[in-house]
Amino acid sequence: MNRRSLLQQAGAMVLAGGVPAFGQTPADHTLRIATGLIELAPDHTISTTLYNGQFPGPLLRMREGRRVTVDIHNDTDTPELVHWHGQTIPPDVDGASEEGSPFIPPHGMRRVAFEPKPAGFRFYHTHVPAYGDLNRGSYTGLAGPVYIEPKDNPGAYDREIFLVLKEFAPVFSRGGDMDMDALAGTPLPALQRMGLAADDAADEKAKGFEVSYDLFSINGRMLGHGEPIRVKPGERVLFHVLNASATEIRSLALPGHVFRVIALDGNPVPVQADVPVLWLGTAERVSAVVAMNHPGVWVMGDLADDDRGHGMGVVVEYAGRGGKPAWRKPKPFHWDYARFGRSGAAAVPDETIEMTIVKHNGALNGFNRWTINGEAFSMDSMKPGFTLHEGRRYRVKLRNASDDIHPVHLHRHSFELAHIGGKATSGVVKDVAMLGGFQELAFDFVAGNPGPSLFHCHQQLHMDFGFMALFDYG
């Protein structure tokens, strides 16, 4: 629990440049971190930590390459971090303590400045560990969208709508399997055998703690309690969808309509494709155009009946139509990143980094411990760690010897998928990708942004308990 000690010490840190000098130009954006209330529904008001007293945090629009300043005020009693997810910016402003980003101290502030890039749909969120505290980290309401204006729009549309999917009221539970039907690809027997061997060797045979939720929302409102999305027949609406969950994979469907996916994690896809359902791992974003050609009043929501029934949805209402919102579950559909990529292999890498992920059930006071190549991440040693050389193209090959789906994230770089679900592909550029249970994934990135760069599973429980590694430049 060395990161916890670091957090406790951070409150005493004095941040150089943390307070604007007298006469300093006002910042382009201001974020204020404080405890506040969200009314998810008239009978469900919750207290959590928020940006600017709202959830999601304010939409921040930026222009690619045009320097911005952001004043971040921390009105809480604990140190905080704001991570600028998906941007290729320096480590001191990226917002991860493992990379050397300073904490914003309790009741203090810090001004950060950077050149936003690349263009597209990004977001910002807290990057403090939570461990066993469900009032910290991404269990809170600390998430908000960023849109970096592109020079050219990849799709024709009439208007755009941002949707942020998020659960609240978390509680610990035992066990609970993820929906393995979300992804294309089949489990590999060798990885299944490795996972079973880890289970047999575990001191605790029972499954470790997981997190479940009582309340679900889109843009901070439960289904039926927010304003509907009002559309007109013939409109083309661009939906920017963010999964801001701490732990959950989310789905989204709109009966009678299809989503034309034009970008993943803010990056235009080589092949735009129509799909009946969107699947998003934690921190993933999908930008998709929907042609409004099926008039009625519909529920756009999660495929899981229980989650949708507890709020994970929003009403889409055509002009001149009324009545009770209708829901129809689509036919089963497997999410396949290769659908949006080019066939054939990606460019040949200069070096390959291999990682095998193993779960050790209940090994840390009832929590699962996660290892990469046999090692859980340590703040003392900053290991596991990998050395990069600027300008080289690296292929990261991941082998998942667990039954969990892992949304893996690389800071400060974008990567190109090279192999997923048993298929070679190229051209799909992301910063988070779901690695299926007992499956393999390979992605490539160019070491073009010197400094420490964190790699981790974006599932809060997994990263807090070992599933992290640090890339650094030699």
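**Figure 1. Aromatic pairs across the whole structure.** Searching the whole structure turns up 20 aromatic pairs. To count as a pair here, rings of Phe, Tyr and Trp (its six-membered ring) need centres within 6.5 Å; planes under 30 degrees apart are called stacked, over 60 edge-to-face, and the rest tilted. In general, two numbers describe a pair of aromatic rings: the distance of the centres and the angle of the planes. Keep in mind that this is a predicted model, where local features need pLDDT of at least 70, side-chain atom pairs count only at pLDDT 80 or more, and totals for chains, interfaces and linings use all residues. Residues are numbered from 1 along each chain as its sequence is written, and side-chain values use heavy atoms, with hydrogens and water left out.

Figure 2. Helices (H or I, at least four residues) and strands (E, at least two) are DSSP runs, numbered from the N terminus. Tyr 131 and Phe 465 are both buried; that word means under 20% relative accessible area, with exposed meaning over 50% and partly exposed anything in between (1.4 Å probe, protein chains only).

Figure 3. Tyr 147 sits in strand E8 and Phe 162 in strand E9 (residues 159–174), 15 residues apart. Tyr 147 and Phe 162 are both buried.

**Figure 4. Strand E8 and its partners.** Six of the seven residues of E8 are buried, so the strand is described as mostly covered, given that buried means under 20% relative accessible area. E8 runs parallel to strand E3 (residues 60–63), joined by four bridges, and Met 62 is found opposite Ile 148 in E8. With E7 the sense is antiparallel, over six bridges, and Phe 121 faces Tyr 147 in E8. Pairing of two strands requires at least two DSSP bridges between them.

**Figure 5. A lysine over a ring.** The charged end of Lys 166 sits over the ring of Phe 168, 6.0 Å from its centre. A charge counts as sitting over a ring if NZ of Lys or CZ of Arg is within 6 Å of the ring centre and within 35 degrees of the ring normal.

**Figure 6. The second largest pocket.** On a 1 Å grid over the protein atoms alone, a pocket is an open set of points where a 1.4 Å probe fits, with protein on both sides within 12 Å along at least five of seven lines, and lining residues have an atom within 4 Å of a point. The lining has 19 residues, with Ser 47, Thr 48, Thr 49, Asn 135 and Thr 140 nearest the centre. Strand E2 (44–51) and E9 are the elements that give two or more residues to the lining, and E2 provides the largest share, four residues. Sorted by type, the lining has seven nonpolar, nine polar and three charged residues. Nonpolar covers Ala, Val, Leu, Ile, Met, Phe, Trp, Tyr, Cys and Pro; charged covers Asp, Glu, Lys and Arg; the others, Gly among them, are polar.

Figure 7. Phe 386, Tyr 394, Phe 415, Phe 443, Phe 445, Phe 455 and Phe 471 come together as one aromatic cluster. Phe 386 and Leu 388 make up the covered face of strand E22 (residues 385–388), with Gly 385 and Thr 387 on the uncovered one. E22 pairs with E31 in the parallel sense over four bridges, and Phe 386 has Phe 471 as its bridge partner in E31.

**Figure 8. Strand E24, covered on both faces.** In E24 (residues 406–410), five of five residues are buried. His 406, Val 408 and Leu 410 lie on one side, Pro 407 and His 409 on the other. E24 runs antiparallel to strand E28 (residues 432–435), with four bridges, and antiparallel to strand E30 (residues 453–457), with three. His 409 stands opposite Val 432 in E28 and opposite His 456 in E30.
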